[in-house]
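User: I would like to learn how to read surface, fold and helix packing from a set of coordinates. Could you take me through them one feature at a time?

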Amino acid sequence: EHNAGVASVRNFYDKYRNYIVIIATILILSISSVFTINQISKSNNEKAAKIYNDWISQEIETKEGQIISDQLFDKLVNSFKRSGYTKVALLNQASSFARLGEYSKSLENFKLLIEITDGFGGNDLFNKIARVNAARLLYAEENYDSAILMLEKYSSSSSPMIHELTGDILRKQQKIQLAKEQYLLAKEQYSDETSISIVAMKISNLSL
């Protein structure tokens, strides 16, 4: 019986040898690929971390420090676009430009952050933050159509802030009924009295 069993296994192997070899090869390659990707990812993350830390430590008050800072930022964005450090750096840079009143540069960085956090493998949190801030900048520029498009991805979300901002934009477009609907959604979803009062005031100021 033992010999018959061995013969059966040998026959099975002989019959399906090519398939077994192919499957084994695929498995080995898959495991190797995953290991290699993980190692590359870890290595890239460490490199990105070093560049980020060097970037935030620069004395940008000096001309030389500003030049080095710009070079490090460009290297981080161009070489490690998908890194979490790059996302944080873009958010910081965009916010910094906004505080300085350099709105076009701020918008440029928010748009780049949107681009790298969109779609499969993106990051919803960074994407939402970037879109809301970009929409605010476009609203300030009176570019209402583009501002609405920025928020479209999250138009059905349960974020009262997005509903309120959408309402503000629609009001400027004279789409009063639509603006009211957005304000009402925001009012329902806000939990603090101050925000509820502000939205209620906006609703009462609408001229239907």
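Predicted model: local features only at pLDDT ≥ 70, side-chain atom pairs only at ≥ 80, totals over all residues.

User: What percentage of the residues count as buried, and is Ser104 buried or exposed?

Analyst: Buried means under 20% relative accessible area, exposed means over 50%, and partly exposed lies in between (1.4 Å probe, protein chains only). Of the 208 residues of the chain, 32% count as buried. Ser104, which has its place in helix 4 (residues 103–117), counts as exposed because its relative accessibility is 53%.

User: How many helices and strands are there in the chain?

Analyst: Helices (H or I, at least four residues) and strands (E, at least two) are DSSP runs, numbered from the N terminus. The chain has 9 helices and 0 strands.

User: How should I read the packing of helix 8 and helix 9?

Analyst: Two packed helices are described by the angle between their axes and the distance between the axes. Axes are lines fitted to C-alpha atoms, for helices over the stretch in contact, and angles run from 0 to 180 degrees between N-to-C directions. The axes of helix 8 (residues 176–189) and helix 9 (residues 193–204) come within 9 Å and cross at roughly 160 degrees, which means that helix 8 is roughly antiparallel to helix 9 (angles under 35 degrees count as roughly parallel, over 145 as roughly antiparallel, 65 to 115 as roughly perpendicular and the rest as oblique).

User: Which residues of helix 8 and helix 9 meet?

Analyst: Contact means heavy atoms within 4.5 Å. On the helix 8 side are Lys180, Tyr183, Leu184, Ala186 and Lys187, and they meet Ile196, Val199, Ala200, Lys202 and Ile203 in helix 9.

User: What about helix 6 and helix 7?

Analyst: The axes of helix 6 (residues 144–151) and helix 7 (residues 160–172) come within 10 Å, crossing at roughly 155 degrees, so helix 6 is roughly antiparallel to helix 7.

How values were computed:
Residues numbered from 1 in each chain as written. Heavy atoms only, no water.
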